[in-house]
Amino acid sequence: MNRDVTPPLTVPPMTLHPMTLHPVAWWLWALAAASVAARTTNVVLLVLVAVAVGRVVALRRPASGAPAGFGMFLRLALTVVAIRVVLQALFVGSTGATVMFSVPQVPLPAWMAGVSLGGPVTAEAALAAVGDGGRLAVVLLCVGAANTLATPARLLRYLPRGLQAFGLATSVALTAAPALAVAFTRIRKARRLRGLPVGGVRGAVTIVVPVLEEALDRALVTASALESRGFGRRGEMSRGARALSGAALLSGPVLVVAGAYLLLGSRSVPAAVVAGGAGLVAAGLGVGGLGLRLAGSGLVSTRYRPDPWGAPEWVAVAAGAAAAALAGFALPARVAHPDPWSLQPPVLDPAAVLAVALLVVPSLPAFPNWGFPFAGFRFRGFRFKTFRGPAVALRDRP
Amino acid sequence: MTATAGIPATTATAGSVVRWEQVAVRYADADRPALSGLDLAVPSGELCLVVGSTGSGKSTLLRTVNGAVPHTTGGTLHGRVLTAGRDTRDHGPRELADVVGVVPQQPADAFVTDRVEAEIAYGMECLGVPPDVMRRRVEEVLDLLGLVDLRDRALGTLSAGQQQRVALAAAFVTHPQVLVLDEPTSALDPPAAEDVLSAVQRLVHDLGTTVLVAEHRLERVVSFADTVLRVPGDGGPPVAGPAAAVLRGTALVPPVVALGRLLGWDRLPVTVRDARRCAAADPRLAGLTAAGRPDGAADHGAIAVACRGVVVRYGGFEAVRGVDLELAAGTVTALMGRNGAGKTTLLDCLAGLRRPDAGSVTVDGRDPSRVSRREAADLVAFVPADPGDVLLADRVDRELAAADRLAGAVPGTASAVLDDLAGGIARSAHPRDLSSGQRLALALATCLPRRPRLLLLDEPTRGLDYPAKAAAAAMLRGLAAAGHTVLLVTHDVELASVVADDVVVLADGEIVSRGPARQVLTDSPAFAPQVAKVLPGTGLLSVDDVRKALALRSGDGHVAGGGAR
């Protein structure tokens with residue numbers, strides 16, 4: 001698939017392996033892609049974003065042991081669109097003139113006025129549903145892409161030190177969930193073999209209880225394993241400092257929320273309140289940051305093989321941010337939200353095309369080598385070397 | 001508690017890494033101490049094997065080493081434990097993490113990351129090891145334990161043996177002075193167990209690590225051990241010493257020791273090699289051959305279970321490839337083979353959970369996958385590796401009553417079966433509180449009232465000590481004598497040697513060897529039980545075989561009928 005784009009460059013074979021960026025870069029890029037999708041109901045643009053995201057995943061997912069999760073997210077996304085369309089057809093009385101077909105209408109009692117079941121299904125309504133559902137579906141797809149390109153466990157390693165406990169709890173939960181699914185299947189199978197009912201509420205309860213017991217046992221084992229491996233080991237940290245960091249971690253978010261409430265609470269607020277709100281948010285951020293710093297300062301832990309953050313990461317994040325900015329500020333309404341009720345065909349404009357093009361940047365074949373124009377190119381059998389960008393350091397780890 | 005982590009205490013007694021001083025442990029709601037009178041020291045650089053029957057306090061003892069008892073588990077610790085000179089009363093597990101590495105019983109439950117490499121590095125991250133040192137040590141330990149090819153793999157995709165080696169690497173990579181392993185090979189097939197144990201041995205020999213390991217299958221470990229520490233479990237003080245001395249006079253012995261005891265050798269052998277030397281010197285064993293054993297299914301009754309050309313595919317992968325298998329009524333067959341060889345899939349077919357993609361399965365003339373679930377349960381009974389999976393009730397008596405109801409049997413049937421299998425199980429107990437052996441008996445008792453033709457057991461002796469295993473073997477022989485067809489999946493060659501008539505070995509979904517236990521188990525070194533290794537070429541598989549052969553030769557009449565084991 002990538003062979004037809006640019007011929008391989010004059011780089012050692014190692015760099016032709018799927019390249020992996022810093023997990024934070026992947027998640028930021030995916031967030032940007034999601035924000036582009038969230039901005040529009042233009043079906044064509046949504047499809048383009050989905051294709052861009054899919055292409056990056058196909059070319060850049062980790063080579064070994066990649067979670068097969070993207071396929072699942074793809075199915076989920078399609079299901080979302082399908083459900084949205086079916087609901088629109090069945091429940092929401094279709095407005096619009098172009099009737100495609102009719103579903104037998106079910107008369108509903110008077111107290112359910114306002115809801116209709118069945119009736120004519122119009123092209124306008126279907127188009128609106130596809131646009132709406134598609135938006136959510138593509139956002140889901142972006143989450144799936146981030147999940148595939150950099151597992152949440154990898155991302156969680158980069159939480160600030162003070163939040164390591166939270167990150168660890170999340171990553172343990174993420175690994176425990178599939179184990180519980182396995183336990184559920186195993187116990188269900190054993191019960192079926194005994195000729196016991198496994199369906200119905202009663203059957204489910206008799207399976208869920210032992211599964212939960214197992215979960216509890218597992219939690220105890222994990223906790224004790226963490227302890228014995230030195231989790232949460234601290235150097236010198238006084239009781240006072242510990243209490244202070246806890247208090248700061250709690251009160252920071254409270255201040256931020258209070259400030260945000262003042263800021264966004266109503267449409268017309270006096271300037272003094274706005275200033276106060278902004279002040280509270282700032283104070284909250286400051287206190288929270290201090291808490292994180294304090295909580296982290298006592299820990300002795302280090303980080304094993306941190307992913308490097310170099311030029312490719314900056315390029316990916318910048319491309320994503322530019323795409324998001326374009327989608328946020330430069331899309332005219334007729335492109336972002338074509339009116340389905342007048343059956344306006346979805347159109348694109350240069351800004352939309354550019355946004356999608358920016359999202360594809362991390363999939364460019366020469367990207368690992370800091371953008372192909374800088375590394376070298378081939379022309380009529382000749383190989384031209386230019387110079388090697390700052391990020392040629394080989395990435396030997398996915 | 002003041003944090004003193006990282007500051008080596010100066011009170012370390014020269015030569016011993018772990019020292020228990022008058023230690024007793026009592027858990028809050030227990031009527032007797034879990035451990036008492038422990039007053040021993042483990043010398044530095046030794047492999048110390050901890051033995052004891054189930055529930056004797058072995059695990060408690062291991063957990064006192066890093067202060068998990070009492071800091072994590074609760075309970076009261078009397079006396080004191082010094083690990084690398086640090087008193088565990090003042091140092092919890094996390095303060096001892098730099099000197100004690102722990103490999104828990106089910107490593108998969110204790111993994112905190114998702115990748116091999118990250119998991120190995122995790123402990124060092126917690127300890128604040130500098131990044132360049134971490135990097136170097138991870139590479140070293142990957143080489144040392146043969147994990148290089150697995151470094152990027154997701155932990156969930158590893159086999160049990162690989163997971164165990166990863167857990168070992170993760171515990172060892174911090175360069176602890178003591179490694180604590182709780183039953184490291186209980187879930188492993190013989191070759192995988194050997195892999196893990198030889199890795200452990202390398203750590204002891206080459207690197208001088210002190211290792212404490214608890215294990216039920218002594219035959220696998222005892223030859224590696226410098227010292228054996230026995231926890232009697234009856235409240236008496238634990239004792240330690242050379243294996244031969246400590247194991248003398250206990251019921252927890254591997255077959256070679258039992259053999260030495262039977263023949264009254266002065267120096268009890270501990271390894272197969274010792275025993276072979278003793279055996280060569282013993283004139284009574286000269287020319288001894290197996291006697292009076294039924295040689296496989298040929299002598300037995302009608303074929304009760306038949307698989308013909310069974311093929312099972314998962315996607316494009318063939319898990320079972322054309323298996324033909326016939327089991328006669330009243331026989332015990334052991335199904336062996338490494339993890340992932342297709343044993344479980346074959347069991348699923350026999351139980352009717354899965355219809356083969358090609359071929360047929362018949363149990364008593366019917367295909368269990370083509371009858372209703374209830375009828376299938378009447379044909380085939382299944383006891384999974386964790387018998388608790390099939391138990392539903394919160395009391396033994398309710399469980400038994402439910403079994404009678406499901407089978408439509410006279411109330412009390414299951415209870416009578418349970419008494420036959422294992423006496424003295426309190427009817428008011430919670431099934432979870434029973435010992436592993438008792439749980440196995442209860443699980444069997446709940447399915448027997450249906451009079452199933454075929455009994456399937458998955459790893460029935462995991463976690464059982466020798467006496468419990470002998471009881472389980474007797475239970476299975478009894479069921480076969482009563483006309484049941486028994487098929488058990490097991491990694492335990494010693495169990496197979498005493499209980500099985502036939503052995504079937506599966507590899508890559510195909511049967512690679514089958515036949516009478518005597519023939520199959522003596523054919524390959526990986527599957528040979530200890531007695532067969534000591535007395536090669538005799539066809540003798542177990543201590544019981546030797547006893548019978550000796551009795552037969554001396555012409556004693558009282559072994560008449562020894563053919564029916």
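Predicted model: local features only at pLDDT ≥ 70, side-chain atom pairs only at ≥ 80, totals over all residues.
Let's start in chain A with helix 3, residues 69-90. Its 22 residues reach 31 Å from the first C-alpha to the last, close to the 32 Å expected at 1.5 Å a residue. Now look at what is tucked away: A:Phe70, A:Phe73, A:Ala77, A:Val80, A:Val81, A:Arg84, A:Val85, A:Gln88 and A:Ala89 are the buried residues of this helix. They sit on the same side of helix 3 of chain A because they cover an arc of only 160° around the axis. An α-helix has 3.6 residues a turn, so residues three or four places apart point the same way. What do the buried residues of helix 3 of chain A pack against? Their partners in chain A are helix 2 (43-60), strand 1 (99-106), strand 2 (117-122) and helix 4 (123-149).

Next, the contact between the chains, which takes 43 residues from chain A and 50 from chain B. On the chain B side, helix 5 gives the most, with seven residues. That side of chain B divides into 29 nonpolar, 10 polar and 11 charged residues.

Finally, stay in chain B for an open sheet of six strands, with mixed pairing and the order 7-8-9-4-10-11. Strand 7 (100-103) and strand 11 (239-241) of chain B are its edges, each pairing on one side only. Within the sheet, strands 8 and 9 of chain B run parallel and are joined by five bridges; B:Val180 has B:Leu212 in strand 9 as its bridge partner. Helix 8 (residues 190-207) of chain B packs on the sheet, touching strands 4, 8 and 9 of chain B.

Note on methods: Residues numbered from 1 in each chain as written. Chains lettered and ligands numbered in written order. Helix = DSSP H or I, 4+ residues; strand = E, 2+ residues; numbered from the N terminus. Expected span 1.5 Å × (residues − 1). Buried ≥ 20, exposed ≤ 12 C-beta atoms within 10 Å, placed from the backbone. Arc of directions from axis to C-beta. Contact = placed C-beta atoms within 7 Å. Nonpolar A, V, L, I, M, F, W, Y, C, P; charged D, E, K, R; others polar. Pairing = 2+ DSSP bridges. Axes fitted to C-alpha atoms, helices over the stretch in contact; angles between N-to-C directions.
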